[in-house]
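I set out to record what I looked up in this model, entry by entry.

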Amino acid sequence: MADKSIGSLINHVVLPGDVIGSVADLEGRLEGRNKIKLGPGLREVNGVIMAYKAGVFRHRNPSIYMIDCNQRRYIPVKEEKVIGIITNRGSDSYKVDIGGAMPASLPSLSFEGATKKNKPNLQIGDIVYARLCVANKDMEPELDCTDGSGKSTGLGQLSGGFMINCSLGLSRKLLSKEFVLLKCLGKHFSFECTVGMNGRVWINSSSIPHTITVANAVSNSEYMNNNQIETMVKQLVKGIQS
């Protein structure tokens, strides 16, 4: 596969060990001063980009390359936003399950406005939405509930609501502008939805039936196209109204 151009590989299936191209080739496709960002499934080895997962090679403007697959085991990637569950608490940090091979650490001061005297009091079982500020195969992942400038911008504890697990592929689809599910549901239901790149979705609405309906719609949408999703949402609305 090394003799194929990078452009011809986009939206095509690649296998572990396939050579995508050199870093220089990828940089040559970029405009301006954007830097290449390698997402899940890709790794740089001596200036060469290689796939270590089986899936579809994707490019997101302007400079993100990744392998899109439906695996459920999450591999932490720096700067991705994930939903985690507090599993242990210490004097100055928390242990958080993010669905990876090892738990991540969350310093108690990694919240907007947190100080030694004024910091969140999270309990075991609480759910947080956080950014991966450290993600290295040889180190414990580290989370941060700020955007890097000290602002939360939606990150932090998720109170109430209901969390479901899904494949990593579905979580990426939910975050895509082309996927119409959340827009269609928003026309009929008032709800909050937070999607983690680690295959977790948190949903909260004013009523339990609406929360369950949205959760079921998300779970059922993985292999549907947009037309099928619109039909499904109409049927769900009719079922609630009847």
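My entries follow in the order in which I made them.

**Basis.** I worked from a predicted model, in which local features need pLDDT of at least 70 and side-chain atom pairs count only at pLDDT 80 or more, while totals for chains, interfaces and linings use all residues. Residues are numbered from 1 along each chain as its sequence is written, and side-chain values use heavy atoms, with hydrogens and water left out.

**Nonpolar cores.** I took a nonpolar core as a set of buried Ala, Val, Leu, Ile, Met, Phe, Trp, Tyr and Cys residues joined through side-chain atoms within 4.5 Å. Buried means under 20% relative accessible area, exposed over 50%, and partly exposed in between (1.4 Å probe, protein chains only). The largest such core has 25 residues, of which Y74, I83, V96, I98, L106, L122 and L143 touch the most other members. I then looked up the elements that give two or more residues to this core and found β8 (81-89), β9 (93-97), β10 (104-107) and β11 (127-134). Of these, β11 gives the most, with 5 residues. Helices (H or I, at least four residues) and strands (E, at least two) are DSSP runs, numbered from the N terminus. I also noted a second, separate core of 22 residues, which includes C166, V180, V214 and V233.

**Contacts of L143.** I counted contact as heavy atoms within 4.5 Å. Leaving out residues up to four places away in sequence, L143 touches V82, V96, I98, A104, S105, L106, P107, S110, A130, R131, L132 and C133.

**Open sheet.** I read the strand order as β1-β6-β7-β3, an open sheet of 4 strands with mixed pairing. β1 (13-14) and β3 (37-38) stand at the edges with a single partner strand each, so one side of each lacks a neighbour in the sheet. Two strands pair if DSSP finds at least two bridges between them. For β3 and β7 (residues 64-68) I found 2 bridges and a parallel run, with K37 opposite I64 in β7.

**Helix α5.** Its buried residues are T211, T213, V214, A215, A217 and V218. I listed what covers them, including β14 (162-165), α3 (168-174), α4 (181-186), β15 (191-196), β16 (200-205) and α6.

**Loop residue S221.** I located S221 in the loop between α5 (208-220) and α6 (226-241). S221 is buried, with a relative accessible area of 0%. Beyond four places in sequence, S221 touches L170, K173, F179, L181, I229 and M232. I also noted that a polar atom of the S221 side chain lies 2.9 Å from the backbone oxygen of V218.

Notes
Polar contact = N/O pair within 3.5 Å; in protein donor to acceptor, adjacent residues only side chain to side chain.
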